[in-house]
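Colleague: I am new to this structure and would be grateful for a guided discussion. Please show it first.

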2 protein chains.
Amino acid sequence: MTLDAVTDFIHANRDRYVRELTEYLAIPSISALPDHAADVARCAEWTAAELKRVGLENVRLIETPGNPVVYGDWLHAEGAPTILFYGHYDVQPVDPVGQWESPPFEATVRQGEIYARGAADDKGQIFMHFKAVEACLREGGRLPVNIRLILEGEEEVGSTHLDGFVREHEDELAADVVVISDTPMFDRGVPSICYGLRGLTYCQIDVRGTASDLHSGSFGGAVANPAFVLAQLLAQMKDRGGRVKIPGFYDDVRPLSDAERAEFAKLPFDERRYRSELEAPKLFGETGFTTLERLWGRPTFEVNGVLAGFTGEGAKTVIPATAMAKVSMRLVPDQDPAKIGELFEAYARKVAPKTVDVTVTRMHTGKPWMTDFDNPFVRAAGRAMETGFGQAPVFNREGGSIPVVATFQEVLGLPAVLFGVGLPDENAHAPNEKLDLGNFHNGIVASAALYREIGALGG
Amino acid sequence: MTLDAVTDFIHANRDRYVRELTEYLAIPSISALPDHAADVARCAEWTAAELKRVGLENVRLIETPGNPVVYGDWLHAEGAPTILFYGHYDVQPVDPVGQWESPPFEATVRQGEIYARGAADDKGQIFMHFKAVEACLREGGRLPVNIRLILEGEEEVGSTHLDGFVREHEDELAADVVVISDTPMFDRGVPSICYGLRGLTYCQIDVRGTASDLHSGSFGGAVANPAFVLAQLLAQMKDRGGRVKIPGFYDDVRPLSDAERAEFAKLPFDERRYRSELEAPKLFGETGFTTLERLWGRPTFEVNGVLAGFTGEGAKTVIPATAMAKVSMRLVPDQDPAKIGELFEAYARKVAPKTVDVTVTRMHTGKPWMTDFDNPFVRAAGRAMETGFGQAPVFNREGGSIPVVATFQEVLGLPAVLFGVGLPDENAHAPNEKLDLGNFHNGIVASAALYREIGALGG
C-alpha cells in the first residue's frame, strides 16, 4: 500500500463522503435532553453499522449505565504500535434554534462549509477517521497500524460514565497512544497539534425566596428578590479585573513560564480580527495576561445561563419565587475540579444572604491536561498533519475541555495526540455550527498519514 | 327602594353570581400576550353584553389604538352625584402554569374561595359592581346615584391608551368621584379603604456581548460574558441595606410623617405570620423602616425577570451572546416616573462596561397617588364598607399601582375612592389566584350601600 493510492482514493470519493456525513448529521443525538434518548440510541447503532461498513472488526455497542460506547478494532499490524482512537457521537442542544440559518439537522453546504449541529464537534471529525480507515483497507487490504476505536455518547454531558468504562475495560483498551480529533486548528490555514486542554467544573445555583411568585407592588420592599440576590451572588464571583474571587481558586494554578508565554506571542494571532469576527465591542479578560494566555493558561468563571421570573414579551410585575443560574469554571493544571467545586459551593453559601435558600448542584467535572510535546507520537502527528495540509503545524493549547484525555493518562498511562481539524469560528456549541470541507478532506489524508507515521515508529 | 330588599335579593342570588363569574373567568383575556388578542376582544364583548343584561344604558365598546374600553351608564338620579366607576377586564399571564393546582381559566371553588386568573384582579371585583347595579335596578327599578362605568383592557400592560382615552372623552366622563375596586383589604376580616398607591417605572435591559453564543471553553476568558455583566449591573442598583443606588432616586420622595408612621404602627399587622405565610426564610427591606412603611411609603427596585443562555435541563457550556432583565421601580409621592426612568437609564449606561452593548427600553410608567381621607366620598365609602362587612374599615395605603387614579385626578380633577375587597394572599399576578366568596358577596352588598351613601351626599 502506498499513501499515494490511498490519497487518490480519498480524492476520488469526496462527494460520497459529504453525502454519508450528511446522513450521520441528520440524527439529532442530543445527550443533554432526555427527549432525544431514542435519537442517541439510533446514532450509536448508525455509528456501529458504519464501523462495520468501513471494514473494522469486533464492532459492538458496549453498554454503560448511560449511553453505549461504540467499539471497533483492526489488530493485524504485527510489530506496529496500537492507536486507541477516541471520539463522541453525541451533540450539543440547538437552542436558540431560531438563530440557525438552515435547520440544524439538515446538513447544508454553503461556500465550502457544511452547516449542521455536530459538523465540527465531533461527528465530522470522527467521520474523517472512519473514511481514512476505509481508504487504507480498500486500497491496501490492511492498515499500517493497529487501531481500536471507541466512540462515546455522553461527551456533551460530561462523559459521566466513560471514566468507569475505561477502568472496567482496561485490558480491551490496551494501546500505545490515544488519538483524538475534537479540537480546532489554531486558525484557518494554520494546522496545529494541541498539547494542552483546560478542565471544567460545572454547577447550578438555585435561589428560593418565597413559596410562590409575588406581586411586585403588593410585596415589593418587604422580601428579598431571588433574582436580585442571584445577581449579587454572581457579581461577587469576579472582580473588576476579571479575577475570580473564590478563596483558594488560584492556589494550584501552574504559572505560565516565560518560555511558553514567548511561544504564544510568536503565534500568528490577530487580536483585532478576532474581536471583529466575534463582533464584540471590546475584548475583556484577566488583567496582566494576553488573550491567548487567558484562553489557554488561565482559569475562568463563566455564567452559562440564567432564568428567573417573567421573561416573555411585555411586562409582568412579579417578584420571582426562585432564580436559577448555570455556571462553570475552566481549569488549568494543576487545579483539581472536585476541590474547585467545593471552594465554589462554600463561597456561594458564605456570600448568600439569610433571606433566601440557596442550593448548589455540582453537575460535572473534567481534569485539565498537558503533554510533553517532544514525545515521538506528537512528532509523528506533526509530520502527518504536514502531509495532509501541505505545511508544518504549530503546537498550541486549547481553552476547551476533553476530560477523558486526563482519564486515559491516569488509568491507561497513555500519551495523547490531539489531532483536530476544526476551526475556531465553526460555532461548536452555538447556532450555525459548521465544518470546512477542505479541512475535512485534508484531515482524511492526514489521518491516513498518521496511521502510517505511527505504524513506522515500531512496536 | 330599601337597602334591605336589595340585600335580600343579593343573598338569594349567591349561587347564580358564582356561576356567571365562572363564565367570565373562563375567557383568557391576557393583554400582555399577543396570542391572546382574540380572547381580549371576546372578553370586551362579553363585558358589554353583561352591562346590558344588568340594566345599564348606552353600553358600547369605545375603540382606542389598543384594546377597547367598555362603557355603560345610568344617569337618571336627578340631584344626586355621579360616580365614574373604573375597572379592567384584562388579566395577567399565567406562567409558570405548572404551579396552578387547578386550570387558571376553569374557575374552581375550594373552601369558600374561587380560584382562577382574574378572580381578584380584577374581574371578580368589577363583577361585584355589575351585580350591585343589577340588584338595585331589579328591586327598585332605579339607582340611588348616577353612574358611568368604564372597563379597560390594558391595565396589566400599563394602561397604555387610557390616558389618551380619558383626555379625549373628558366630557362623557363628567362625574363627581371615581370608584375603583382593584385593591386588597388590609387583611382577612379587616375591611379597609385605601388612600394611597405607589407608582411604577418598568424597563427592560438587554446586554449584547458577541454576535452569537460562544463555546465557554474555546472563548472563556477572552470576552465579557453578558450574563455576568448583567448580574454586575443589577447588583449595583441596590446596596446591602436595600437602598437604591441610582443617583437622584430619592430626591423627590415625600418623607413619611411621624403621624402616619404612628398610624401604620397601630394596624393589626403580624410580621411573624406574614413571613410564615410567604414561606420566606427572613423578611428583608430598606434599613430604618418597618415592613408596612417599606411596602406603602418607600420606593423599590425589583428584578421581575432574567433570561440568558442555556436554561434547560442538564449542562451546556456556552457564553451567551445576550442577556435580558426586566426590572421595575415602585414609586411614592412625589417621584415622577418619567424622571426615574431617565435616572435609571443614565445610571445603567454609566455602570455598564464598554465590553458590551446595553439597551434600555422603558416599557411603562404610572404615577404614585395619595388622597386626603377626610373628603366626604372617602367617609361615605367607609360607612358603605361597614354596611357590607359589619365592621368599620381601617384606612391604609397600598404597595401596588393603579396609574389611572393619578390620571383621573390630573385630567378630570376627580377624587378617588379605592373600594377593594381582595385579600393580600390572593395571588394576584401569581399562580393560584383566588377570591374569597364571602368577601365577594359582602362586597356586592357594600357596593349597593356605596351607591346609596354617595347618592345621599346630594349633587
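Colleague: Which residue of β7(B) stands opposite B:Phe85?

Modeller: The model is predicted, so local features need pLDDT of at least 70 and side-chain atom pairs count only at pLDDT 80 or more, while totals for chains, interfaces and linings use all residues. Residues are numbered from 1 along each chain as its sequence is written, and chains are lettered from A and ligands numbered from 1 in the order in which they are written. Strands are DSSP runs of E with at least two residues, numbered from the N terminus, and two of them pair if DSSP finds at least two bridges between them. β3(B) is joined to β7(B), residues 177–180, by four bridges in a parallel arrangement, and the residue opposite B:Phe85 is B:Val179.

Colleague: Which residue of β6(B) stands opposite B:Gly87?

Modeller: β6(B), residues 146–152, pairs with β3(B) in the parallel sense over seven bridges. Opposite B:Gly87 stands B:Leu151.

Colleague: How many residues of β3(B) are buried?

Modeller: A residue is buried if 20 or more other C-beta atoms, placed from the backbone, lie within 10 Å of its own. In a regular strand the side chains alternate between the two faces of the sheet. On β3(B), one side holds B:Thr82, B:Leu84, B:Tyr86 and B:His88, the other B:Ile83, B:Phe85 and B:Gly87, and all are buried. The strand, residues 82–88, is therefore largely enclosed by the rest of the structure, its buried residues numbering seven of the seven.

Colleague: What distance separates the centres of domain 1 and domain 2 of chain A?

Modeller: The bounds, from an automatic or database domain assignment, are 3–197 + 368–455 for domain 1 of chain A and 199–253 + 299–366 for domain 2 of chain A. Taken over C-alpha atoms, the separation of their centres is 35 Å.

Technical notes
Buried ≥ 20, exposed ≤ 12 C-beta atoms within 10 Å, placed from the backbone.
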